[in-house]
Amino acid sequence: MTDTRTARTRTHTWEPPAPDPEDFHRSGLEVLQRILDGRRPAPPIGSTLGFRLVDAAEGRAVFEGEPGEHLLNPMGSVHGGFLATLLDSALGCAVLSTLPAGRLYTTAQLGVHLVRPVFADTPPLRCEGTVLHTGRTTATAEARVIGATDGKLYAHATTTCAVMDAPRNG
């Protein structure tokens with residue numbers, strides 16, 4: 001029996017994620033808008049895993065992602081970590097969109113529910129995060145991953161984020 005499998009290569013490109021010092025004087029929504037219109041590099045995790053920010057508004061962030069063979073686990077389905085990262089990105093950016101200049105967040109808790117398997121040939125996915133509450137020290141949000149063409153629910157999640165002042169340099 002001859003092995004007909006051939007190795008595959010995947011290349012991705014990113015810009016270094018050096019933040020613009022002026023970003024500390026911009027609201028979170030302004031920072032996201034700069035990513036959307038290309039004035040600020042997107043975080044490298046998106047090109048690494050194959051997803052991108054496609055829309056942002058006050059309290060809302062939307063990402064789209066492409067499942068693929070490079071994301072498969074040993075069972076032949078897309079690794080749950082892809083969906084968790086897609087959800088965490090939408091949740092966190094939704095929170096960021098509500099923060100004023102000089103404030104940032106970090107994920108403190110992430111609860112993910114995977115409800116339908118994703119395979120290499122699953123059509124593109126869309127993930128929308130929505131803020132439920134933003135306070136002085138915490139924020140909460142929820143998100144869903146749906147099929148961009150069929151509307152099927154693949155996963156959903158909630159988060160609690162710690163909200164804090166951005167560090168002051170110099």
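This is a predicted model: local features need pLDDT of at least 70, side-chain atom pairs count only at pLDDT 80 or more; totals for chains, interfaces and linings use all residues.

Trainee: Fine. How many salt bridges does a search of the whole structure find?

Mentor: The search gives 10 salt bridges.

Trainee: Pick one. What does Glu69 meet in a salt bridge?

Mentor: The partner of Glu69 is Arg8, with 2.5 Å from N to O between the two side chains.

Trainee: Is Arg8 buried or exposed?

Mentor: Arg8 is exposed, at a relative accessible area of 57%. Glu69 is partly exposed, at 44%.

Trainee: Next one. Which residue forms a salt bridge with Arg103?

Mentor: That is Asp165, and the closest N and O atoms of the pair are 2.8 Å apart. Arg103 belongs to strand β3 (residues 103-114) and Asp165 to strand β6 (residues 153-165), so this pair links parts that are 62 residues apart in sequence.

Trainee: What about the surface there: is Asp165 buried or exposed?

Mentor: Asp165 is exposed, with a relative accessible area of 52%.

Trainee: Changing topic. Which residues are linked with Asp23 in a network of salt bridges?

Mentor: Arg26, Arg34 and Arg40 are in that network with Asp23. Asp23 itself sits in the segment before α1.

Trainee: Why does Asp23 count as buried?

Mentor: Its relative accessibility is 9%, and buried means under 20%.

Trainee: What does Asp23 touch, leaving out residues up to four places away in sequence?

Mentor: Asp23 touches Val31, Arg34 and Arg40. Arg34 and Arg40 are also members of the salt-bridge network.

Trainee: Now the strands. In what sense do β1 and β2 pair?

Mentor: Strand β1 (residues 51-57) pairs with β2 in the antiparallel sense, over 6 bridges. The hairpin they form has 2 residues between the strands, and Gly59 takes a positive phi near 80 degrees there.

Trainee: Which residue in β2 does Asp55 stand opposite?

Mentor: Val62 is the residue opposite Asp55. For its salt bridge, though, Asp55 has Arg60 as partner, with the closest N and O atoms 2.8 Å apart.

Trainee: What are the relative accessible areas of Arg60 and Asp55?

Mentor: Arg60 has 23% and is partly exposed. Asp55 is also partly exposed, at 30%.

Technical notes
Residues are numbered from 1 along each chain as its sequence is written. Side-chain values use heavy atoms; hydrogens and water are left out. A salt bridge is a side-chain nitrogen of Lys or Arg within 4 Å of a carboxyl oxygen of Asp or Glu. Buried means under 20% relative accessible area, exposed over 50%, partly exposed in between (1.4 Å probe, protein chains only). Helices (H or I, at least four residues) and strands (E, at least two) are DSSP runs, numbered from the N terminus. Contact means heavy atoms within 4.5 Å. Two strands pair if DSSP finds at least two bridges between them.
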